[in-house]
Amino acid sequence: MSTAAFSTTADNGAVRQPLIEARGLVKRYGRVTALDQADFDLYPGEILAVIGDNGAGKSSLIRALSGALVPDEGEIRFDGQKVHFRSPLDAQAAGIETVYQSLALAPGLSIADNLFLGRELRKPGMLGSVFRMLDRKKMQRMAREKLTELGLMTVQSINQPVETLSGGQRQGIAVARATAFGSRVVILDEPTAALGVKESRRVLELILDVRRRGIAVVLISHNMPHVFEIADRIHIHRLGRRLTVVKPSACTMSDAVALMTGARAPQELAA
Amino acid sequence: MTDTSGEKRGMQAFETVLSQQDTRVAEFEVHARSPLQMLQHFLHGNPTAVPAIVLALGVIVFSAIVGPRFYSAFNLSLILQQVTIICIIGVAQTLIVLTAGIDLSVGAVMVLCSVIMGKLAIAVGLPVPVAFAAGLATGAACGAFNGLLVVRLKLPPFIVTLGTWSIFFSLNLWYSGAQTIRAQDVAKGAPFLQWLGTPVDLLGARLTYGTFFMLGLVAIVWYVLNRTALGRHIYAVGDDPDAARLAGIRTDKVLFAVYVAAGVICALGAWALIGRIGSISPQAGQTANLDSITAVVIGGASLFGGRGSIVGTLIGALIVGVSRSGLALSGVDVLWQEFAVGSLIIVAVTLDQWIRKVSA
Ligand SMILES: Nc1ncnc2c1ncn2[C@@H]1O[C@H](COP(=O)(O)OP(=O)(O)OP(=O)(O)O)[C@@H](O)[C@H]1O
Ligand SMILES: [Mg+2]
């Protein structure tokens with residue numbers, strides 16, 4: 001599959017409808033404007049990297065797309081339909097899963113409990129429907145499978161509380177949760193920031209896997225080699241808004257860094 | 001946002017990540033632990049171990065000091081009867097504490113419910129099932145009122161329930177006219193309300209239905225907390241409410257449900273209270289508030305939320321009962337019972353702090 005297949009509409013003339021399309025998002029925190037008329041487009045089946053300096057508003061942007069934050073202004077379309085995500089649950093129902101920068105794990109609960117938090121499996125039959133009994137065996141088995149698949153089975157037990165894990169292991173749990181449940185879009189906010197070299201590799205492979213299943217991926221990262229290796233398009237965020245979108249094939253890493261730090265203006269390089 | 005790169009802001013983000021990567025090779029180093037750290041880890045993983053050990057020690061020590069009068073089946077069953085109320089109210093308190101809250105109104109809700117049940121059945125003359133249901137509904141309404149203030153107005157539970165404690169207690173005094181309904185009147189007009197006081201003789205011990213009711217309630221709440229999704233969500237909400245919300249849990253609903261459930265359990269406590277003392281008094285159960293918190297804290301629950309168990313609370317209530325009874329039978333003045341219970345709380349909270357500091 002060539003990256004050209006995922007380029008913007010302009011390239012091949014065929015009008016492709018974005019899976020997620022956001023226009024004019026604004027989010028203010030008191031006097032800080034985290035999002036300042038930000039636009040965003042994600043096309044089906046692509047890997048879109050979002051890069052930008054610290055505090056550029058990348059996390060705020062994806063939190064608006066995942067329902068974790070309700071923007072003050074602007075509109076979001078999903079599959080062409082206008083949507084108003086009031087909570088992460090709404091976005092999850094639409095098939096959007098997110099690995100937050102804060103990871104969003106309950107430290108006292110076990111790995112298995114965390115993987116299924118909010119969508120626990122119940123036993124079949126009366127036990128499940130009337131007595132609401134959880135199918136713990138099944139959840140533990142699936143959790144173990146998922147972590148093995150991720151190459152993250154360095155954990156001792158699937159029932160150990162998440163607070164006993166290292167930062168990298170926790171990140172692995174959060175990535176496993178999002179990729180296991182995302183059916184349309186998987187959003188990852190710096191998923192490899194705390195990971196070792198080997199584990200980062202696994203996560204990159206996993207992202208490619210997710211794309212192969214036809215699921216679109218939004219990847220926020222400060223790691224330029226990673227971004228240039230796997231992204232189909234790169235959304236450059238600066239001062240609360242989208243500065244431009246570039247294709248990794250049409251630009252170098254130092255170009256991208258120059259753009260996101262404001263050392264260069266976008267006109268010369270726009271994709 | 002939690003960001004690790006604060007001190008590196010001077011660098012290009014690009015460089016930051018590159019420099020981070022080199023240092024990330026040795027992730028899982030194993031370091032030797034001292035015996036004390038091993039104990040800390042063990043207690044961290046087995047939070048009910050401490051109260052269980054304390055309870056066993058308490059029984060052994062008092063058996064040694066007091067002798068057979070303490071460990072007779074008769075006395076042990078008396079202790080069980082005495083802890084029934086503390087334990088039931090403690091179950092309600094546990095649910096609230098698990099969500100990082102605290103409920104100071106539990107005792108007042110219980111007394112208010114008992115007065116409503118008694119007055120409607122005996123003075124007003126409503127059918128007993130109706131009066132009983134009205135009592136349960138009152139408990140639910142009180143819990144819902146607390147829950148609404150905590151969830152909707154985002155007020156701290158401590159302040160909310162400090163206020164509603166006085167409110168519910170005044171309502172109780174007003175509605176009862178500060179009058180006690182005598183035990184014989186209850187027995188005549190609404191014997192069902194005293195049903196939990198029915199004695200059962202078992203292997204030389206005299207228990208009441210109330211004891212079994214308490215154990216049944218503990219079992220049900222244990223099941224909900226450990227075997228259902230709602231239970232997992234209660235722990236998650238108490239542990240880290242933001243994480244729970246981001247994971248897709250309706251934290252508001254969970255929190256509200258917990259307050260309503262606590263109110264209903266207090267109403268069930270009212271039923272057990274009538275069974276225990278026979279009469280219905282607006283002044284009864286005054287110590288239930290602090291005793292329930294004591295049981296929960298001694299039982300290993302953390303006031304910071306997300307940690308604790310219902311079995312711990314049962315054991316905590318038993319510890320309170322055992323130390324009260326043991327001290328009384330040793331001939332120690334009542335004031336030292338309060339002293340002992342107070343000390344137990346301080347020790348339990350200190351221990352909790354220490355265990356929480358466990359290095360992962
Ligand atoms: N909850 C909040 N309250 C107040 N200000 C906030 C909040 N969240 C974000 N901000 C502010 O909004 C701006 C954008 O933050 P955001 O987290 O979106 O940046 P980012 O691009 O993800 O940065 P990083 O690369 O450091 O993760 C920052 O100035 C930040 O201080
Ligand atoms: Mg961020």
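Here is a short tour of chain A and its magnesium ion in a predicted model. Residues count from 1 along each chain as its sequence is written, chains are lettered from A and ligands numbered from 1 in written order. Local features need pLDDT of at least 70, side-chain atom pairs count only at pLDDT 80 or more, totals use all residues, and side-chain values use heavy atoms, without hydrogens and water.

**Whole chain.** Show chain A as a cartoon and you'll see 10 helices and 10 strands (DSSP runs numbered from the N terminus: H or I of at least four residues, E of at least two).

**Inside.** Now colour by burial: 57% of the 271 residues count as buried (under 20% relative accessible area, 1.4 Å probe, protein chains only).

**The metal.** Next, select ligand 2, the magnesium ion. Which residues hold on to it? A:Ser59 (OG) and A:Gln101 (OE1) coordinate the ion at 1.9 to 2.2 Å. Donors here are N, O and S atoms within 2.8 Å of the metal (3.2 Å for Na, K and Ca), and water is not among the atoms, so a site may look incomplete.

**The two partners.** A:Ser59 sits in helix 2 (residues 58–65), while A:Gln101 is in the loop between strand 6 (96–99) and helix 4 (111–115), so the pair ties together parts 42 residues apart in sequence. Buried or exposed? A:Ser59 is buried, with a relative accessible area of 10%, and A:Gln101 is buried too, at 18%.

Methods. Buried means under 20% relative accessible area, exposed over 50%, partly exposed in between (1.4 Å probe, protein chains only).
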